[in-house]
Amino acid sequence: MRRQIHFEQLDEAIEECEGLLRTGYTKSGNWSLGQICCHIRLTIERNMDGYPRWMTILGIPLRPILRWLMLPRLLAGKSPNGVQTAGIFIPPNQLDDNVEVGRLKECVTAFLNSSNSMHAHPGFGSMSNDEFNRFHAAHLAHHLSFLHPQIENTDHNTVN
């Protein structure tokens, strides 16, 4: 089961990551908070530094369809489950949540402070930095929707 969450900007998504660190969470998906943060950081870094040539070449023929069909769904919070990602974006197991949230936060700060144009996404093509901010925020919302904050009941016991 997934939560319904939506972020317009990466700053909002980082606040959610920090909140999950504070409250703790339960998973309804495959990745921990640390793995999700690592995955998103890797995608943002490629957006800033450039994607592998092979990935760009493979994505070009699919761009019109992906941009027309998938991008609006992702931005609206209706990203499909189970879409396979390239191996370079798969996080390792056993990552420290605190460390990875911090690394993502540093990466997001660099992204938000960059005046350079971002590299075109292999599947969705070129976007403005503001559009990429919204894209990455939606991507992070999709993954965080599989993490459920732990809440305290009236007896101050943590429940899942």
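A contact is a pair of residues with heavy atoms within 4.5 Å of each other. The model is predicted, so local features need pLDDT of at least 70 and side-chain atom pairs count only at pLDDT 80 or more, while totals for chains, interfaces and linings use all residues. Residues are numbered from 1 along each chain as its sequence is written, and side-chain values use heavy atoms, with hydrogens and water left out.

**View 1. Overall fold of the protein.** Six helices and four strands make up the protein, where helices (H or I, at least four residues) and strands (E, at least two) are DSSP runs numbered from the N terminus. Along the sequence their order is α-β-α-α-α-α-α-β-β-β. With a radius of gyration of 16 Å, close to the 15 Å given by the globule rule for 160 residues, the protein is as compact as a globular protein of that length; the radius is taken over C-alpha atoms, and the rule is 2.2 Å times the number of residues to the power 0.38. The C-alpha trace spans about 55 × 30 × 30 Å along its principal axes. Of the contacts between residues at least 6 apart in sequence, 81% join residues at least 24 apart.

**View 2. The largest nonpolar core.** A nonpolar core is a set of buried Ala, Val, Leu, Ile, Met, Phe, Trp, Tyr and Cys residues joined through side-chain atoms within 4.5 Å; buried means under 20% relative accessible area, exposed over 50%, and partly exposed in between (1.4 Å probe, protein chains only). The largest such core holds 31 residues, and those with the most contacts inside it are C17, L33, I44, L104, F135, L140 and L144. Two or more residues each come from α1 (10–23), α2 (33–49), α4 (63–75), α5 and α6 (129–144). Helix α6 gives the largest share, seven residues.

View 3. Leaving aside residues up to four places away in sequence, C17 touches L33, C37, V101, L104, L140 and L144. A second, separate core has five residues, including C38, L42, Y51 and F89.

**View 4. Surroundings of E100.** Residue E100 lies in helix α5 (residues 97–113). It counts as buried because its relative accessibility is 4%. Residues up to four places away in sequence aside, E100 touches G34, C37, C38, R41 and L95. In the protein as a whole, buried residues make up 40% of the 160 residues.
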